[in-house]
Amino acid sequence: MSSGAPKWVAALVDSVGAQGLYTYRLPPDLKVTVGDILSVPFGAQQLGAIAIQLLREPPPNLAPEDIRPVAAVISRGMFSPTYWQLLERVAAYYQTSLIQVIRTALPPGLLGRSQRRVRLLSDAIPPEAAMFLSPAAVCVLSQLQQSAQGDYTWQYLRQKCRGAYRGIQALVDRGWAESYLALPTPPRPQRRQAVTVVQVPTPEETTITKRQREVLTLLQRRGGDLWLQEALQYCRTTSATMRSLAQKGFLAIEEREVLRQPASPDLGPDQPKTLNAAQQEAFGTLQATQGFAVALLQGVTGSGKTEVYLQAIAPRLAAGTSALVLVPEIGLTPQLTDRFQQRFGDRVYVYHSGLSDGERYDAWRRMLQGEPMVVIGTRSAVFSPLPQLGIIILDEEHDSSFKQDQPMPCYHARTVAQWRAELDDCPLVLGSATPSLESWSAQQPQPLSEAAELGSEPPSAIAIPKSTLPLQHYLVLPDRVHQRPPPPITVVDMRLELQIGNRSIFSRSLRSALETMKSREEQGILFIQRRGHSSFVSCRECGHVMMCPHCDVSLSYHQTRSGTAEMLRCHYCGFGQVQPPSCPACGSKYLKHFGSGTQRVEQAIAQELPELRCLRFDSDTTRAKGAHRALLARFAQGEADVLVGTQMLTKGIDLPQVTVVGIIAADGLLYMADYRASERAFQVLTQVAGRAGRGEQPGRVILQTYNPENPVVQAVKSQNIQHFLTTEQEQRQALDYPPAGRLVLLRITSPDRAAAEQTAQEMAAQLASRLENAWSLLGPVPAPILRVARRYRWQVLLKGAIAAPIPDLTDLSKQCPAHVSLTIDVDPLNLM
């Protein structure tokens with residue numbers, strides 16, 4: 001190493017107790033670059049760390065001889081310079097530690113703890129070696145000789161032998177053992193045996209049997225190269241036959257690495273579709289966009305946004321760059337992934353938390369290779385390490401699933417995607433039929449003709465501060481493909497249904513539509529907000545409600561099938577119990593179920609419309625890996641007439657055979673204690689209505705409510721998105737709520753109720769004295785749901801001007817007692 005070369009490295013250590021950066025010495029034979037994952041000593045442990053900065057001089061407060069050396073490099077070149085800038089920006093904006101952001105970004109297993117081990121050098125040990133050793137060294141030697149590999153960890157030997165440290169050192173000094181570092185082991189690459197035909201036997205060949213010749217012929221028909229297990233099944237032969245052919249030189253059997261990918265069906269290739277005028281205009285704008293730009297693609301449901309995405313990605317793949325496609329839910333990825341794989345083949349990879357650690361690890365390693373590919377994933381995929389990024393797409397950009405509430409960092413994938421597109425100098429496309437108010441309000445003033453296509457006057461010009469979304473293109477798809485009409489929406493007043501004696505959860509209109517649908521061999525969707533059977537269980541004698549013992553919420557009633565146990569479950573902490581036969585408060589046997597969920601709808605169909613076959617699509621039925629794809633495939637293949645589900649049904653699912661959509665109870669969405677309640681209700685109801693009539697047959701939507709005059713219901717019925725967004729924006733501006741203002745939510749939680757309240761009071765008092773005039777403080781107040789999972793929750797809300805810098809709040813967590821936790825949520829979406 002030259003005198004001018006770096007001799008030290010500042011590293012970020014993966015330890016809860018680590019504060020800031022730690023300096024380590026670089027051994028002369030070890031090359032380290034910024035972004036490498038290292039193994040370093042930290043106290044008595046060996047931990048993972050990230051190389052942050054190379055230094056030619058150590059910090060002045062450290063003596064060079066006291067600086068410990070880097071033990072090893074675990075992984076090289078993990079971060080590009082722009083990727084590192086992205087992580088630093090996320091940590092700074094969302095006010096969390098950099099190591100926490102790195103843990104969020106990396107796949108599981110890369111930042112792990114190294115182990116110090118001792119290996120016996122058997123060939124160097126003379127006979128009767130124990131005669132020359134101390135009792136401690138004899139004990140260590142004996143333990144190592146009993147190991148099949150002659151290898152144990154320091155920790156194990158210290159447990160087995162008194163004075164193990166001195167004994168190990170004695171063996172190492174004599175050269176009879178060696179001490180080494182076992183690096184953290186990430187998920188291992190998967191390897192499989194493959195068989196290849198290397199020589200074709202001549203007709204005169206006598207060294208092989210007739211059966212072996214048949215096997216070779218079959219293998220040649222399949223191209224002469226197969227995975228061994230596939231070859232054994234195809235040829236209906238044994239491993240012994242294959243090995244015999246390999247020994248005779250006709251086959252080669254070797255191990256190859258195979259990248260783990262979630263299973264997907266074999267699909268035929270798909271060709272680009274002819275674009276209509278609006279699609280062509282949107283595609284042309286995106287194709288002409290070079291460098292960083294943000295485009296909002298607002299298209300009604302069924303308008304062909306995905307085809308625009310596909311055609312915008314194709315030229316960028318051809319140019320050698322990659323595409324990142326973010327979707328809000330795992331359940332949306334199967335259909336979207338199938339569509340992309342039909343177009344781009346094996347260049348499509350998925351990345352989300354529903355994959356195994358090995359699948360995520362393999363996808364991550366493949367991204368680092370820099371080959372052009374399409375990565376489809378959920379929120380965390382925004383951190384995918386694609387070195388050559390050509391375009392980023394957020395489908396259903398309005399969805400709140402893109403925002404992480406906990407743990408920190410409480411990032412929004414849309415915001416991080418914007419920063420990433422800026423750093424990588426590529427376009428960001430935000431697609432939705434019901435765009436978020438933040439994205440929509442960032443639009444530049446549009447010409448009258450373009451805005452009029454959506455059915456309203458153009459909004460007035462909006463002054464956009466530099467701190468908000470820098471939207472350059474507002475692209476509109478006003479019509480469905482093939483000029484299919486939007487489904488008419490019928491609003492049913494359920495109060496009138498009660499007046500005529502109809503106590504069913506199905507109105508007369510919905511029942512008639514479902515019966516007609518069945519006679520025409522079509523399919524339908526029934527949407528309800530909640531899973532389970534009933535929202536809560538109450539005693540009709542004393543009014544006692546069955547509550548979760550760990551949360552301040554009622555238990556929901558679940559009954560999967562008739563005759564099975566009646567269960568009560570908490571949808572917040574997961575607690576469950578069997579429903580008691582009588583009221584625990586008064587002993588009455590009159591327990592009544594209130595409210596409706598997916599199970600109750602499924603049960604009502606079986607009782608009132610038994611001719612309809614039903615499938616349920618909610619988080620209870622899709623927990624198993626691959627369940628989303630399997631359920632949708634069964635429905636698409638005609639195994640059921642009706643699909644009953646929750647908000648999962650609203651997230652981009654394309655089922656062309658659906659002609660009827662029934663919204664069982666819209667009211668559950670309308671009255672949430674949140675300033676975004678109207679916007680969310682409008683988005684959900686509009687999206688689920690858009691599932692009808694996407695195929696050749698026209699669709700219809702029946703929306704059941706006890707409040708048909710509600711402005712949200714009327715806006716959904718008229719399908720006037722622009723008018724609703726304009727009205728909603730005016731209301732937000734009057735209150736200085738986002739996007740007209742900015743919020744920061746502080747969540748204080750503790751198992752001790754008094755401690756949570758006291759900490760919140762003290763924190764609020766301190767903030768009140770240091771906040772600038774641009775910020776106001778609301779609270780502290782108990783959270784709307786005070787207790788969740790045995791932890792009491794208090795909140796402090798900061799509200800500021802949109803252009804005001806966010807105050808530095810990172811020191812607040814240090815002031816919390818040990819049993820009190822603080823979460824800083826910048827730009828919160830969930831105030832519950």
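Predicted model: local features only at pLDDT ≥ 70, side-chain atom pairs only at ≥ 80, totals over all residues.
Buried means under 20% relative accessible area, exposed over 50%, and partly exposed in between, with a 1.4 Å probe and protein chains only.

Residues are numbered from 1 along each chain as its sequence is written, and side-chain values use heavy atoms, leaving out hydrogens and water.

**Stop 1**

Select C548. At 3% relative accessibility, C548 is buried. Now go to C586. This cysteine is partly exposed, at 41% relative accessible area. C586 is in no disulfide (a pair of cysteine sulfur atoms within 2.5 Å). Its nearest cysteine sulfur belongs to C539, 3.7 Å away.

Next, select C139 and C161. A disulfide joins them, with S to S at 2.1 Å. The count for the model is one disulfide. The link is left-handed, with -80 degrees about the S-S bond. C139 lies in helix α3 (residues 135-146), and C161 in the loop between α4 (154-160) and α5 (164-174). The two are 22 residues apart, so the pair links distant parts of the chain. Helices here are DSSP runs of H or I with at least four residues, strands are E runs of at least two, and both are numbered from the N terminus. Colour by accessibility: C139 is partly exposed at 23%, whereas C161 is buried at 3%.

**Stop 2: a helix pair**

Select α21 (residues 677-689) and α22 (residues 711-718). They pack at about 35 degrees, with axes 10 Å apart. Axes are lines fitted to C-alpha atoms, for helices over the stretch in contact, and angles run from 0 to 180 degrees between N-to-C directions. Show side chains. S678, A681, F682, L685 and T686 of α21 meet V712, A715 and V716 of α22; contact means heavy atoms within 4.5 Å.

**Stop 3: a four-stranded sheet**

Which strands form the open sheet, and in what order? Four do, as β31-β32-β30-β33, with antiparallel pairing. Two strands pair if DSSP finds at least two bridges between them. β31 (775-788) and β33 (821-826) are the edge strands, each pairing on one side only. Neighbouring strands are turned by 20 degrees on average, direction ignored.

Zoom in on β31 and β32 (residues 791-801). Eight antiparallel bridges pair them. Pick L777: its bridge partner in β32 is L798.
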